[in-house]
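Subject: Structure handover

Hi,

Here is the structure for you to look through. Please open it beside this email and follow along.

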Amino acid sequence: MVEYRIDRRSGIATYLQIVQQTKQALRLGLLQPGDRLPTAREVVAATAINPNTVLKAYRELEREGLVEPRPGLGTFVRRSLARPGAAADSPLRAELADWTDRARAAGLDREDVTALVASVLEERFGETATLSESGHEEDGENR
């Protein structure tokens with residue numbers, strides 16, 4: 001089950017942090033179709049946020065077709081975003097972890113790495129890509 005980490009200083013709306021973290025878990029294969037998301041009560045107990053914020057995030061995920069509520073049972077993953085090369089245990093992730101270790105050893109801090117990765121993403125994908133402080137790619141869409 002996914003555990004949400006809320007960064008109140010990030011400037012990113014709390015419900016969007018939940019949406020982004022859920023999507024990241026879906027992309028990495030950490031959440032699979034049929035998995036139950038934490039209940040609003042569980043998220044509130046772990047993060048001290050308003051239950052309406054959790055419900056807003058889950059409604060957004062439902063609107064995108066990623067989850068479905070089952071009355072009396074909870075909210076369940078409907079479809080995955082995982083691709084084989086992006087799995088949490090993929091060789092690409094291991095290479096990226098090694099690269100990150102080398103960047104830290106070279107004296108780069110989190111913000112330096114974030115800026116470097118964002119510039120390469122923009123160059124390679126031809127889109128303006130920004131990374132939030134939590135390290136998640138954002139596409140600039142209004143959600």
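Below are the ground rules, then the overall picture, then the salt bridges.

The model is predicted, so local features need pLDDT of at least 70, side-chain atom pairs count only at pLDDT 80 or more, and totals for chains, interfaces and linings use all residues. Residues are numbered from 1 along each chain as its sequence is written, and side-chain values use heavy atoms, with hydrogens and water left out.

**Overall picture**

The chain has five helices and four strands. Helices (H or I, at least four residues) and strands (E, at least two) are DSSP runs, numbered from the N terminus. Read from that end, the order is α-α-α-β-β-α-α-β-β.

The chain has 143 residues, and 31% of them count as buried. Buried means under 20% relative accessible area, exposed means over 50%, and partly exposed is in between (1.4 Å probe, protein chains only). The accessible surface is about 9400 Å². Carbon and sulfur atoms hold 50% of that surface. These areas come from the Shrake-Rupley method with a 1.4 Å probe; for residues, only the protein chains shown count as cover.

Now the contacts (heavy atoms within 4.5 Å). Take those with a separation of 6 or more: 52% join residues 24 or more positions apart.

**Salt bridges**

Side chains of opposite charge can pair when their charged atoms come close. The rule used here is a side-chain nitrogen of Lys or Arg within 4 Å of a carboxyl oxygen of Asp or Glu. How many salt bridges does this rule give? The count is five. Here are some of them.

- Glu 64 and Lys 23 pair at 2.7 Å, N to O. Glu 64 sits in the loop between helix H3 (51–63) and strand E1 (67–70), and Lys 23 sits in helix H1 (residues 14–27), so the pair ties together parts 41 residues apart in sequence. Glu 64 is partly exposed at 22% relative accessible area, while Lys 23 is buried at 8%.

- Glu 60 and Arg 63 form another salt bridge, with their closest N and O atoms 2.8 Å apart. Both are in helix H3, three residues apart, which means about one helical turn separates them. Glu 60 is buried, with 10% relative accessibility. Arg 63 is exposed, with a relative accessible area of 61%.

- Arg 36 and Glu 42 meet at 3.5 Å, N to O. Arg 36 is partly exposed at 24% relative accessible area. Glu 42 is also partly exposed, at 36%.

Over to you.

Best wishes
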